[in-house]
Amino acid sequence: MSLRTDGTATEHGVASAANRFRERALSNRRRPWRRALLTALAVGVVAGLVWVLGWSTVFGVEEVDVTGTTGTEAEAVAELVEVAPGTPLARVDTDAVADRVRSRVTIAEVSVRRSWPRTLSVEVVERTPAIVVRNPEGRLEVVDAEGVSFRVVRTAPKGVPVVTAAGSRGTTREALQASLALLEALPSDLAPQVSGITVSSANLVTFTLGKRTVVWGGGEDSERKVAILAALLPTKAKVIDVSAPDTPVTR
């Protein structure tokens with residue numbers, strides 16, 4: 001038995017294929033326009049965000065938060081920031097701000113960061129007094145462990161030793177360095193007990209430790225000198241001389 005067909009089904013199939021072809025062709029022609037439209041929208045969104053962040057006042061600086069110090073010192077640091085209110089936070093040059101704050105001699109370290117949405121955070125570390133020296137004008141200068149003079153005072157801060165240079169030239173750079181080297185050599189339990197340092201030369205340093213006088217000498221053999229000093233402290237000697245560690249003297 002044979003199956004007879006007419007041309008109806010074939011014609012219908014051909015028509016369907018032609019319709020699909022036309023739809024595919026139209027879709028292909030529309031696709032570049034869709035891409036272009038989506039690209040334009042994406043660019044617009046990005047441009048809007050850039051404008052909001054970098055040029056508008058939506059995320060503008062409203063507050064400068066200074067940490068690490070208080071009172072008048074914090075106010076002085078805030079003045080050095082020099083960022084106008086409303087300045088877009090994203091456009092603040094944090095490195096430049098840090099440089100300006102670092103120019104204040106009382107500041108040892110500074111970190112500047114953006115705290116969204118509207119705060120500029122400035123964290124500082126103040127210099128710590130190590131010694132007090134008398135300048136040529138007779139005023140007392142506070143000096144940190146790096147040898148930086150950062151404050152003039154009428155009286156030495158409590159617990160900070162005063163350096164006296166023998167002779168008429170006042171406290172020299174040599175005396176300052178010798179004093180700092182001495183304090184660095186002493187262990188943490190002895191250094192805070194030093195109340196005064198006298199420097200005749202870099203090789204003749206004497207200091208007051210509690211009620212005792214210690215003749216230190218120069219900066220060499222500091223570890224041996226510390227060990228000998230610790231061994232002699234239990235004695236009742238008022239003067240301990242470790243300037244020549246091989247032959248220490250007490251009296």
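**View 1. The largest pocket of the predicted model.** The largest pocket holds about 150 Å³ of space. Its lining is made up of Pro 129, Ala 130, Gly 159, Val 160, Pro 161, Leu 183, Ala 191 and Pro 192. By residue class, this lining divides into 7 nonpolar and 1 polar, with no charged residue. Gly counts as polar in this scheme, and Gly 159 is one of the lining residues.

**View 2. Crossing of helices α2 and α3.** Two packed helices are described by the angle between their axes and by the distance between those axes. Helix α2 covers residues 71–81 and helix α3 covers residues 94–102. Their axes come within 8 Å and cross at roughly 140°. Angles over 145 degrees would count as roughly antiparallel and those from 65 to 115 as roughly perpendicular; α2 and α3 are therefore oblique to each other. The crossing of the two helices is right-handed.

**View 3. Residues in the contact of α2 with α3.** From α2, the contact is made by Val 77, Leu 80 and Val 81. From α3, Val 97, Arg 100 and Val 101 take part. The residues of this contact comprise 5 nonpolar and 1 charged, with no polar residue. Arg counts as charged, and Arg 100 belongs to the α3 side of the contact.

**View 4. Glu 82 in the loop between α2 and α3.** Phi of Glu 82 is near 55°. This is a positive value in a residue other than glycine. Glu 82 lies in the loop that runs between α2 and α3, the two helices whose axes cross at roughly 140°.

**View 5. The cis peptide bond at Pro 117.** The peptide bond from Trp 116 to Pro 117 is cis. Omega for this bond is near 10°. Pro 117 is placed in the loop between strands β2 and β3. Strand β2 spans 107–115, and strand β3 spans 119–126.

Conventions: Residues numbered from 1 in each chain as written. Predicted model: local features only at pLDDT ≥ 70, side-chain atom pairs only at ≥ 80, totals over all residues. Heavy atoms only, no water. Axes fitted to C-alpha atoms, helices over the stretch in contact; angles between N-to-C directions. Helix = DSSP H or I, 4+ residues; strand = E, 2+ residues; numbered from the N terminus. Parallel < 35°, antiparallel > 145°, perpendicular 65-115°, else oblique. Left-handed = near helix turned anticlockwise from the far one by under 90°. Contact = heavy atoms within 4.5 Å. 1 Å grid on protein atoms, 1.4 Å probe; cavity = no way out; pocket = protein on both sides within 12 Å on 5 of 7 lines; lining within 4 Å. Points joined across faces, edges and corners; volume = space filled by probe spheres on them.
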